Amino acid sequence: MTPRITPRGPVSEALLEALQTDPSDPSGPSAQLDRFSRLTAEALEAGPDLLTDEDLQLTLFVLYGLHYGDTVDADDEWEWNPELLRARRTIERVYERQLRQRVPVGDLPEPNADAVAAYLFDLTSEDGGPSLSRFLAKKATEEQAVEFVIHRSIYTRKEADPHSWAIPRLTGRPKAALVEVQADEYGGGRPERIHAEIFAQTMRELGLDDRYGAYVDKVPAITLASFTMMSMFGLNRSLRGAITGHLAAFEMTSSIPNRFYGNGFRRLGHGEDVTWYYDEHVEADAVHEQIAGRDLAGGLAEQHPDLLPDIVFGAAACLYVDGLAGQHMLESFEAGRSSLRRPVAVAV
């Protein structure tokens, strides 16, 4: 059963109400859709910060969920409803513009695979600042570690899916590279090794509900923003450069942190049933980062030099938004408060 989603403001409330009507009934959803469109326009006119706007982030999350499935209980016909698509694009344009303003693209590397890979490895190298992964490894309590898993479930229970939208939009070397990475993410033909399913096991072992979206009501907008950003990049062909850069940065910043996360859960007394997900990524992502940096991002830059600014933008945006989400958790943990909108009881 799909978990129920609670509105966070007038826009998400209007959307969720519209989705409960029959999309095939000519007289049914028109009033609800008109209200949703009007409220969306009014919300955007107010100049919100889309990274932290609870109402609009949830709205985007639900709209993207119509494409992914298992997110909201709604008729499949809503997926391509023109009014919903129009509203989504209106929000996306503001979201993309704000991201580009916050994540400027500076000097670019040469558009060849080695130069792009070197640039991305330099971009994603650790800066030595506060680290959420090190906190989890050395200091986190059981409650904090479980909250971390809840935050990460928003993406990880759909792991790889946002990046897979790019497969039909690429050709040649970058397409082959993306498929190679994604095949591993999806278990190499073995369903029990699909990364999203391994993470589901981690959740169950921690006493959590592993249904997708079970904790949407608990996480703040910045956690949703990490997922909606990559969904926006993946679902729009015009942003295919950004989604390849995003994946490259995502893989390049995964292996070492996942080692720390696994160590943190071992420190708290958990065994392989919990740590398998993290241990799997230590080795896998060390390989993926090379493929994603050179063959995917670098290969795309060689094919289409005009996409190089977006490749760099996507990588930088990944680091920026995921960094804000991690900073929110770390600051909450260090201050001794919950990082969730509403704490979740954990049996310890």
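Visitor: In which helix does V116 lie?

Guide: This is a predicted model, in which local features need pLDDT of at least 70, side-chain atom pairs count only at pLDDT 80 or more, and totals for chains, interfaces and linings use all residues. Residues are numbered from 1 along each chain as its sequence is written, and side-chain values use heavy atoms, with hydrogens and water left out. Helices are DSSP runs of H or I of at least four residues, numbered from the N terminus. On that basis, the helix that holds V116 (residues 113-123) is α5.

Visitor: Is V116 buried or exposed?

Guide: Buried means under 20% relative accessible area and exposed over 50%, with partly exposed in between (1.4 Å probe, protein chains only). V116 touches P109, E110, P111, G293, A297, G298, A301 and L308, not counting residues up to four places away in sequence; a contact here means heavy atoms within 4.5 Å. Because its relative accessibility is 2%, V116 counts as buried.

Visitor: What separation do the end C-alpha atoms of helix α4 have?

Guide: Helix α4 comprises the 21 residues 82-102. The expected span is 1.5 Å times one less than the number of residues, so α4 should span 30 Å. The model agrees, since the end C-alpha atoms lie apart by 30 Å.

Visitor: Which elements cover the buried residues of α4?

Guide: The buried residues of α4 are L84, A87, R88, I91, E92, V94, Y95, E96, Q98 and L99. An α-helix has 3.6 residues a turn, so residues three or four places apart point the same way. The cover over the buried residues of α4 includes α1 (10-18), α2 (30-45), α3 (54-68), α11 (221-235) and α15 (308-334).

Visitor: What is the volume of the largest cavity?

Guide: On a 1 Å grid over the protein atoms alone, a cavity is a set of points where a 1.4 Å probe fits but cannot get out, and lining residues have an atom within 4 Å of a point. The lining consists of L63, L66, H67, W78, E79, L84, L85 and R88, with α3 and α4 each supplying at least two residues. Grid points are joined across faces, edges and corners, and a volume is the space filled by probe spheres set on the points. By this rule there is one cavity of 30 Å³ or more, and the largest cavity has a volume of about 40 Å³.

Visitor: To which residue's backbone oxygen does the side chain of R157 reach at 2.9 Å?

Guide: R157 sits in the loop between α7 (142-156) and α8 (161-164), and its relative accessible area of 15% is why it is buried. A polar contact is a pair of N or O atoms within 3.5 Å; within protein, one must be able to donate a hydrogen and the other to accept it, and residues adjacent in sequence count only if both atoms are side-chain atoms. The backbone oxygen that the R157 side chain reaches at 2.9 Å belongs to A196.

Visitor: What value is phi of A160 near?

Guide: A160 lies in the loop between α7 and α8, where it is buried because its relative accessible area is 1%. Most residues other than glycine have a negative phi. A160 has a positive value, near 85°.

Technical notes: 1 Å grid on protein atoms, 1.4 Å probe; cavity = no way out; pocket = protein on both sides within 12 Å on 5 of 7 lines; lining within 4 Å.
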